[in-house]
Amino acid sequence: MSIATLRALARALIINPDEGGPPLDPGSDEVLAAAFEIVKTLPRDEYLGCEVLFRGIRWLPLLLGPRRGRLDKLSRADARATLERLRVSRSRLLRYLFFCVKSLFAMAYFTRPAVWPAIGYDGPYLGRVAVTRLSPPPLASGPV
Amino acid sequence: MSFPRKTRVVVVGTGAGGAVAAKELAERGVAVVALETGPRFTADDVDQREETTYPRLYAEGGRRGTRDKSLLIIQGRGLGGSTLHNTGLCFRTPDAIQRLWGLDLHHEIERVERHMGVRPIRDDEVNPMNAVLARGASALGWRHLRANHNRIDCEGCGYCVLGCAYDKKQGMALTYLPRARAAGATLVPGARVERIRRANGTWHVTGFLHEAREGFEVEAEAVVLAAGAIDTPQILLRSGIGGPDVGRSLRLHPSLPVGAIFDEKLRGFRGVPQSVIVTEHASFLESGHGGFLFLPAFGHPGTTALLAPGLGPAHWEVVRAYEHLAVAGVVLHDSTRGRVRPGWLGIERPRIDYWPEAEDQRALREGVRGLARLFFAAGARAVVLPFARAPLVRSEAELGSIESYPFLPHEVAVSSVHPQASCPIGDVLDERGAVRGVEGLVVCDASAFPTSVGVPPQITTAALATRTATMLAERLA
């Protein structure tokens with residue numbers, strides 16, 4: 001699995017800081033680490049499918065164009081044009097592949113706190129105000 | 001792990017059906033062991049972060065869906081089931097649906113509502129995003145109503161779908177399960193049931209304990225299946241029980257999201273979610289057939305970004321308006337029948353097949369058009385359609401294009417939070433909720449619905465479970 005391909009993929013899918021997006025680079029180590037954390041929670045068969053997808057997707061521009069070449073060697077605009085073809089492909093499988101990579105990087109990127117100020121989200125509420133908790137009947141852990 | 005391996009009734013699942021069955025049986029003096037595949041998830045486990053909560057609180061980490069994932073099915077796991085992560089929206093079973101089903105659930109519904117603290121949402125609890133929905137419906141003269149919820153002194157933090165950190169949402173973990181336990185029921189989290197079989201008049205329930213990494217077997221006089229409309233039919237099919245119709249009439253209430261960008265800040269991620277419901281097109285409320293609801297449906301940043309169409313700058317145009325977004329879903333009273341089967345080659349993930357048929361597609365498109373009209377009537381400056389090829393719509397005049405977008409898997413964003421009717425009464429089950437021709441086996445979850453119920457199913461599931469469990473207790477007595 002090529003880290004360069006994953007960086008290229010993330011930067012093509014998500015808005016970048018130099019395009020007016022949030023200050024966090026979608027191809028940064030922080031975002032890739034978050035993506036790997038998500039992938040680690042997949043069941044084994046889906047995890048293996050994901051590995052195959054990541055290995056194969058670098059060659060996708062050779063299949064779909066519009067500019068031929070390895071995904072990580074293309075400009076961001078060319079990589080984005082390939083993904084756009086994937087997104088509205090006539091093939092259900094290819095659209096599914098787009099859904100997989102977009103889900104992964106959308107979740108990995110937009111759950112980073114560094115992104116939130118740019119969209120006006122002020123983050124979790126926990127601890128922000130003193131909350132009087134009701135006292136529910138206890139449920140001991142494990143069987144009782 | 002130590003828990004009784006012999007009991008009178010094993011309840012499989014502890015959501016809106018199983019928790020009710022466990023409590024109703026235990027309070028009638030029946031010894032109950034309730035097995036739950038998910039963990040015990042309490043207020044202390046809530047961190048209000050999507051990426052850490054989905055793997056813990058949702059079935060298959062939030063990725064449960066049809067085989068090609070073109071339709072995601074959101075279900076909870078843990079003591080309390082989907083009531084851990086739902087929004088607390090409570091809707092009575094419509095009278096027309098009860099007539100269609102040949103059931104009178106009024107008494108059971110009242111009992112469930114009392115136990116769960118159901119009450120109407122107050123004016124001051126309607127957040128600006130829900131108010132937009134009411135504003136649009138009023139402008140068009142469309143029927144809409146203030147919802148009932150099972151929440152007490154809610155803080156309005158807006159994180160209900162990631163679990164309640166303040167124990168204000170009165171789900172099964174805080175209402176029925178403590179009562180079941182107080183009446184002597186044993187609750188076992190982390191216990192996945194694989195199969196059931198009957199030998200010499202005794203049921204043998206076998207499965208796997210996640211934490212101990214070992215198998216288990218429990219013997220019982222009767223079994224209550226309440227693992228939800230996806231997992232209950234799988235247990236029956238793996239066990240070779242219930243006949244050929246098991247899992248073949250799955251309904252999902254398929255839902256399409258429609259977003260709208262407003263000039264005003266709505267901050268839909270704060271406040272009580274789903275407090276306004278638009279019922280104008282819900283023909284099933286009168287006839288029992290057809291139609292749809294408009295339900296508010298706001299997501300946290302990761303989920304919103306996942307659903308926002310496009311990529312790069314086009315995607316950002318929608319996500320950057322997060323504070324100004326209103327989102328609602330067209331929730332269909334579906335007639336399409338899907339299918340659920342166990343996974344291949346021992347893979348735990350079920351095989352689910354469902355895609356809306358032509359008539360349901362037509363209704364969903366009509367719903368999308370209606371919801372877009374509602375948002376424009378409320379003052380939206382742009383509407384985000386759920387079709388992959390659709391650009392942002394800037395005026396009502398552009399809505400004619402809705403017919404032109406393909407209704408194909410991964411071309412349109414379809415999801416479900418209400419799987420049901422996979423083992424329906426009148427088909428797989430008799431009118432008492434018992435599996436036909438099998439002694440001592442009943443189903444107490446949304447699987448048992450004879451058809452799509454049309455409304456959020458929490459109250460119907462609990463009411464039907466009350467009825468079925470009461471009849472089972474009488475038989476056991």
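**Briefing: a hairpin in chain B and the A–B interface**

Val193(B) stands opposite Gly207(B), a residue of strand S10(B). The model is predicted.

**Strand pair in chain B**
- Strand S9 of chain B spans residues 191-199, and strand S10 of chain B spans residues 202-209.
- The two strands run antiparallel and are joined by eight bridges.
- S9(B) and S10(B) form a hairpin, with two residues between them.
- In the turn, Asn200(B) has a positive phi of about 50°.

**Chain A**
- Chain A has seven helices and zero strands.
- Read from the N terminus, its elements run α-α-α-α-α-α-α.
- Of the 144 residues in chain A, 32% are buried.
- Among contacts in chain A with a separation of 6 or more, 54% are between residues 24 or more positions apart.

**Interface between chains A and B**
- On the chain A side, 43 residues are in contact with 53 residues of chain B.
- The elements of chain A that give two or more residues to this side are helix H1 (3-13), helix H2 (29-40), helix H5 (76-87), helix H6 (92-110) and helix H7 (116-119).
- H6(A) gives the most to the side of chain A that touches chain B, with nine residues.
- By class, the side of chain A that touches chain B has 27 nonpolar, seven polar and nine charged residues.

Technical notes:
Residues numbered from 1 in each chain as written. Chains lettered and ligands numbered in written order. Predicted model: local features only at pLDDT ≥ 70, side-chain atom pairs only at ≥ 80, totals over all residues. Pairing = 2+ DSSP bridges. Helix = DSSP H or I, 4+ residues; strand = E, 2+ residues; numbered from the N terminus. Contact = placed C-beta atoms within 7 Å. Nonpolar A, V, L, I, M, F, W, Y, C, P; charged D, E, K, R; others polar. Buried ≥ 20, exposed ≤ 12 C-beta atoms within 10 Å, placed from the backbone.
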